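Have the viewer open while you read.

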Amino acid sequence: MLYGYAGSILKIDLGTGEKKIENTPEKMAEEYLGGRGFVARLLYDMIEPGTDPLGPANVIVIAPGPLSGHLLPGSGKTHFGALSPATGGYGDSNMGGHFGPALKYAGYDCLVLEGAADKLSTLVIDNNDIKIVSADTLQGKGAIDAEKELKEQLGEDFQVLTIGPAGENRVVYACISHDFGRQAGRTGVAAVLGSKNIKAVAVRGSKPIPVFDPQAAQAKGEEMYRVCFGKPGFKTWTPYGTASITGWANEVGAFPTRNFQTSYADFHHKINGQAIIDRLLITDKGCFGCPTPCGKYGHAKTTVGSAFVEGPEYESIATLGGSCCLEEIEEVAYANYVCDQLGLDTISAGVVVSFAMECFEKGVITAVDIGREISFGSLEDVVYLLEKIAATEGIGKILAGGVKAAAAVFGGGSERYAIHVKGLEWSGYECRNAPGMMLSYMTADVGAHHNRSWALGYDVSESDADVSELIEAGAGGSLEVSSPEGKVDHVISMQHSRPLYDALGICRLQTMEIGFETSYYEEVYELITGRKISWQEMLSISEKIWQLTRQFNVKHIEGFGRSYDYPPLRFMEEPVASGPNKGRYIERKILDKMLDEYYEKRGWDENGIPRAGTLARFGLA
Amino acid sequence: MKLKVKEERCSGCNVCRVVCTLQNFGAVQPSQALLKIKGQFPDPGTYKIAFCTQCGVCAETCPEEAIVERDGEYDINYTICTQCLICVDSCPFDVIVVTESGYPAKCTGCGKCVELCPREAVLADHDSEGE
Ligand code: SF4
Ligand code: SF4
Ligand code: SF4
């Protein structure tokens, strides 16, 4: 028996309505754990080369992990994946909230959606009772409004995923929304859901998850919470959540500002964690099982509009605040709310909007193209563009394809400052004095996302300090040039450790932010599943998944290789305009050297393609 | 242990509910938890906690007098309970659940939710215990 797991995989063909419930294969659980591991394996096996990401042959896999839904800190995570419409390659996104645990209580370790419904529908999973019902009345509705309506209709005990108009209109960075402010934001998973005509998925689960040794697992889980309660960061980090890093990111010159023209915003004090507490906060909002709720739920009033909104968390502060130059926390929060309702990833949307602003500033696009003049710092302009994008109307139609596609249309040298890797917009850390973090972005399987490896702290401090320690220590005077030496190993190790949490179905913030020890996961995993496996062995599984997602890109992206692993020219040729890293950039030859070393250590050829022997070593040949 | 709550501190994590079912039923099954967390979103953006106040309404309604008070707390005597489930509907807070065996279950005052709530949103009500 598979202890710790719910035991089944639910496969639905939305075209025919056929539902299959299969046992979760023990071998897959052993070899890939769950979550990101299941997503990567199933997508690799199920999607044919040449598949249209927005056609019915694409597949969506939604998978919590073996530790999701259990008594331990941060057990509320769920992984989403599909062939990405943003990159044409491997796409996945991780989300907190309560959905994954509910899916397990309903009996499923994994939900696989194939085909496409013939009209806009809601998938309702009430334990074993599964229905596809019409979503007529939800068409065009905001993601938050749709969730509220479904909860009222179905009951508070349903956990609901929704997409907004952006997902319905297949914007390639549309996000899946849940729990009024949690999102699977990246790689356009909601556009894929939209292409399958699924507006919402609602789950109610009331069954138990089998546990190998319930008493001992309970005792270990309780101990894990107590250890978290005792960490200094439990009290100092939690009130501010991820926004607590805003000041530090500016001190170390890593805060994307004015479409990454610079890496310091002189207004950062007005959009930081303290500003949230002082000016927005109603309550701290946590995911399932969370001891350190990073969600800051509040209310924002601006001249453009006012709204209840969860966040902004750091990424939204960086892209909507920094990159679009919204200088007041209320404005950042309101733009965040607009993204949430429209169902747009705040990271990509913020970068796309700031890209359009710079294009306009440089005369690459005109007021006629856009429908008005636009400028950095204007909330009205931000909201105007977001609405155009979600509706894929006018200029929004072009911007809905992301900065890479838009730069190809706009031309005029705009690709130099289209800030992305592989077609996925860059998240909230500017890297022109952070070679390790730069390499992290360059080599992340999904494109420019920080959640695979976050090497910025190491670039700045050359230590493994957790985030609350980094913030506590501060930047300390003038910044040295950060050396590329030794960074490759660090990035590789982080690319195994951080995504491992996504395979286990748990949150990594307790470890990364407040220094919770990983040994506890190893112990509780054994008590819950009855299987002994060391953290080191789990890291090897994570490494295998890394090889598999690279190979996925090789399989699906024509001509994939080294040329897909570079940052935009801005980061290699243009000095930072101001702030602590003024004048700095990282020359291409330095990045080439790092890439060479990285490929070598990964067992990939000089073009970044996994060697046959490497794949064989991981049993992937 | 008698409970009290400070709802404004609650973050909706449901740790209380998971530990409640492990402690009382040896299972990870929050649908059976003996307290409930209800999010009020998007507006006003707060959580409501439904918990057993040891009000005794269930004891009054039980036709078999199977629910009895001891030191301010009400316990179900399962040797007397006939599974009529009248108590389930009587609870003003909707926190009596029906277990798989068909018996009702209510808060046992074990205090695990108090111990593990990361936010000190569920607390021991020492005042009304006269401590
Ligand atoms: S179970 Fe309900 S009715 Fe019974 S004492 Fe508790 S709150 Fe009152
Ligand atoms: S005191 Fe014990 S039985 Fe009562 S709600 Fe809390 S955990 Fe459950
Ligand atoms: S454990 Fe505490 S914070 Fe979490 S849901 Fe229960 S009462 Fe709320």
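What follows goes through the ground rules, the interface, the ligand shells, a helix and some salt bridges.

## Ground rules

This is a predicted model, so local features need pLDDT of at least 70 and side-chain atom pairs count only at pLDDT 80 or more, while totals for chains, interfaces and linings use all residues. Residues are numbered from 1 along each chain as its sequence is written, chains are lettered from A and ligands numbered from 1 in the order in which they are written, and side-chain values use heavy atoms, with hydrogens and water left out.

## Where chain A meets chain B

Chain A puts 36 residues into the contact and chain B puts in 33; contact here means heavy atoms within 4.5 Å. The buried area is about 2,600 Å², with carbon and sulfur atoms giving 61% of it. That area is the accessible area (1.4 Å probe) that two parts lose on being put together, summed over both. On the chain A side, Leu71(A), Glu156(A) and Gln218(A) lose the most area to chain B, together 18% of what that side buries.

There are 3 salt bridges between the two chains, a salt bridge being a side-chain nitrogen of Lys or Arg within 4 Å of a carboxyl oxygen of Asp or Glu. One pairing is Glu115(B) with Arg226(A), whose closest N and O atoms are 3.3 Å apart. Helix 4 (143–154), helix 7 (214–230) and strand 13 (281–285) of chain A each supply at least two residues of the side that touches chain B, and helix 7 gives the most, with 6 residues. Helices (H or I, at least four residues) and strands (E, at least two) are DSSP runs, numbered from the N terminus. By residue class, that side of chain A splits into 19 nonpolar, 10 polar and 7 charged. Ala, Val, Leu, Ile, Met, Phe, Trp, Tyr, Cys and Pro count as nonpolar, Asp, Glu, Lys and Arg as charged, and the others, Gly among them, as polar.

## Two ligand shells

For the shells, a residue is near a molecule if one of its heavy atoms lies within 4 Å of it. Around ligand 1 you'll find residues including Cys52(B), Cys55(B), Cys58(B), Cys91(B) and Lys106(B); the shell divides into 8 nonpolar, 3 polar and 1 charged. Around ligand 2 the residues include Cys20(B), Cys107(B), Cys110(B) and Cys113(B), and that shell has 6 nonpolar, 4 polar and no charged residues.

## Helix 11 of chain A

Helix 11 (residues 314–323) of chain A is mostly covered, with 10 of its 10 residues buried. Buried means under 20% relative accessible area, exposed over 50%, and partly exposed in between (1.4 Å probe, protein chains only). Its buried residues pack against helix 9 (246–251), helix 10 (273–279), helix 12 (329–342) and helix 13 (346–361) of chain A. After the helix comes Cys325(A), with a positive phi near 65°.

## Salt bridges worth a click

Over all chains, the count is 55 salt bridges. Arg279(A) and Glu328(A) pair up with closest N and O atoms 2.8 Å apart, linking helix 10 to the loop between helix 11 and helix 12 of chain A, 49 residues apart. Arg279(A) is partly exposed at 33% relative accessibility, and Glu328(A) is partly exposed at 26%.

Asp565(A) and Arg550(A) also meet in a salt bridge (2.8 Å, N to O). Asp565(A) is buried at 0% relative accessible area, and Arg550(A) is buried at 3%.
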